[in-house]
Amino acid sequence: MSDISKTLAWRSLAADFAAISASTTGALFKGDAGRFDRYSVEAAGLFLDYSKNKITDEVVENLIALAREADVEGARKRMFSGDTINHTEGRAVLHPALRDFSMRDYFVDGENISPAVRVELDKLRAFCDGIHTGMRKGHTDKPIDTIVNIGIGGSDLGPQMVVEALRPYWLDGRRAFFVSNVDGQHLHDTLKDVDPETTLFIVASKTFTTQETMTNANSAKKWFLKNGGKNKNIAKHFVALSTNRHAVESFGIDPDSMFVFWDWVGGRYSLWSAIGLSIALQVGFENFEKLLRGAHALDEHFRAAPLADNMPVMLALIGVWNRNFVGAASHAILPYDQHLHRLPAYLQQADMESNGKRVTSDGTSVSVATGPVIFGEPGTNGQHAFYQLLHQGTDVISADFIAPAISQSEIGDHHQKLLSNFLAQTEALMCGKTTEDVRAELTSEKRPKSEIDALAPHKTFPGDRPTNSIVFEKLTPETLGALIALYEHKIFVQGVIWGVNSFDQWGVELGKTLAKTILPEITGLGEHKPEIDTHDASTKGLLNRINKLRGDAK
């Protein structure tokens, strides 16, 4: 595509920002009673208010024009049509097909993939039924009541986030653990809490060669065999989410307990596929299906709604405005629901691995800033951690505030207090507090002038910090599905505008390659090797220091 920064819409947006930069968002609200209604949209059980951003009708019109210049509508159509939009890997991007219950056909390279999707979903349902009814048991004939999902990246972050978010829907007596880090302490701490006779290990690796996942899986297998299991029992306690049948069988897993997903399902979009097995086992297949249906409702909205009324499109466009014109290089995800405590980490991968790119789809250097740094914590924890920087730091940081109107666990006035903070923070970030207001407040407290002069700069808040607010009735499987799909499509739209391929992730490869070279150079405990004389001076020095510490260990 052509350089987006050379388009008329981009130049118009730059002029818009110059025209309103001296104003404030709070000032834009004055005399504009319809601002909230114009700058909000509702879909699939979600309500988005983006009125607390420094935007005007002219900005919104030019943002929509920018989306048309970038051919967002055409890109959307190509994605749903199964075109090879992930061109560096030669793949279609069709995760919405995994959650479409309308019996619509989806085609990849001329093949209708919908029947295969339905077959695999039915296989997942049958497997869950076997576990939940007790028909499928462990090798000592005890029912399976614990799962350990072994994966990394999308094979861990997605299902773990959903399982945590849907904690109120957990089936009685069932437990779920997630192991991702190759740090052996992660697996060690998990295995201390599980019973080999009643535990099912889910090994999630498309290729069944991912270093971290297979290291953990093989260590879990050794632990199982050391604690009463036999090789013939592995099939009762290990299942695979993979496409590598040969490697799965060699591990000892029954091919009938291997669940597949396809090249057109990217890792960070895979929780809707067999990767969601841990979700279905922990909350029940019925609730897993509701999660899919909630995402599908948002898909249908994204597919059909006009740009100006399209929630993912508008969330994406506001993000482009803040990133490229307001200058917000970081974006905070702030869920005011404790069960969404893993959502910021999940969206870190979804966004930063998708749009953290410095070249466009055609391989040329980007001319504009692309994906922001994503971080976050649940409210109100974050308020006592990093909100200081949001309010008074030197950088403008944009933020999404997310909250259910009704808690899954209404205790006293806890949720009212949580919601009051949710609303107060966005108001404070937008309005700030002027030096004049601070001085007047301190004067009313009868403070001496010298103290007022000293304190006023510290208690002044610049305000004008951009925020979006996303509200829904309650965090259910349906609303969670819609919320995840909202961000998936937002990320896609931003990638289209910036001209990057949002579906590859070559940036994760270099460190992995170098690690394979370094691995044989690290000593075992109590071993001594000659000093390594390769690598740069820093890496060489650190490697030799580590080897000395390991070699001297008793």
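Contact, in these exercises, means heavy atoms within 4.5 Å. The model is predicted, so local features need pLDDT of at least 70 and side-chain atom pairs count only at pLDDT 80 or more, while totals for chains, interfaces and linings use all residues. Residues are numbered from 1 along each chain as its sequence is written, and side-chain values use heavy atoms, with hydrogens and water left out.

**Exercise 1. Describe the surroundings of F201.**

Step 1: find the element. F201 sits in strand β7 (residues 199-204); strands (E, at least two residues) and helices (H or I, at least four) are DSSP runs numbered from the N terminus.

Step 2: check the accessibility. F201 has a relative accessible area of 0% and counts as buried. The classes are buried for under 20% relative accessible area, exposed for over 50%, and partly exposed in between, with a 1.4 Å probe and protein chains only.

Step 3: list the neighbours. Leaving out residues up to four places away in sequence, F201 is in contact with V148, I150, L191, A220, W223, H237, F238 and V239.

Step 4: K221 is 20 residues from F201 along the chain, and their C-alpha atoms are separated by 9.0 Å.

**Exercise 2. Is T25 buried or exposed, and which residues does T25 touch?**

Step 1: T25 belongs to helix α2 (residues 25-29).

Step 2: with 2% relative accessibility, T25 is buried.

Step 3: beyond residues up to four places away in sequence, T25 touches R35, S51, K52, N53, K54, M430 and D464.

**Exercise 3. Work out how helices α1 and α4 pack.**

Step 1: recall the approach. Two packed helices are described by the angle between their axes and the distance between the axes.

Step 2: read off both values. The axes of α1 (residues 8-20) and α4 (residues 57-69) come within 8 Å and cross at roughly 160 degrees. That makes the two helices, α1 and α4, roughly antiparallel. Here axes are lines fitted to C-alpha atoms, for helices over the stretch in contact, and angles run from 0 to 180 degrees between N-to-C directions; angles over 145 degrees count as roughly antiparallel.

Step 3: The α1 and α4 crossing is left-handed, meaning that the near helix is turned anticlockwise from the far one by less than a right angle.

Step 4: name the contacts. From α1, L8, A9, W10, S12, L13, D16 and I20 meet E58, V59, N62, L63, A65, L66 and E69 of α4.

Definitions and conventions:
Angles under 35 degrees count as roughly parallel, over 145 as roughly antiparallel, 65 to 115 as roughly perpendicular and the rest as oblique.
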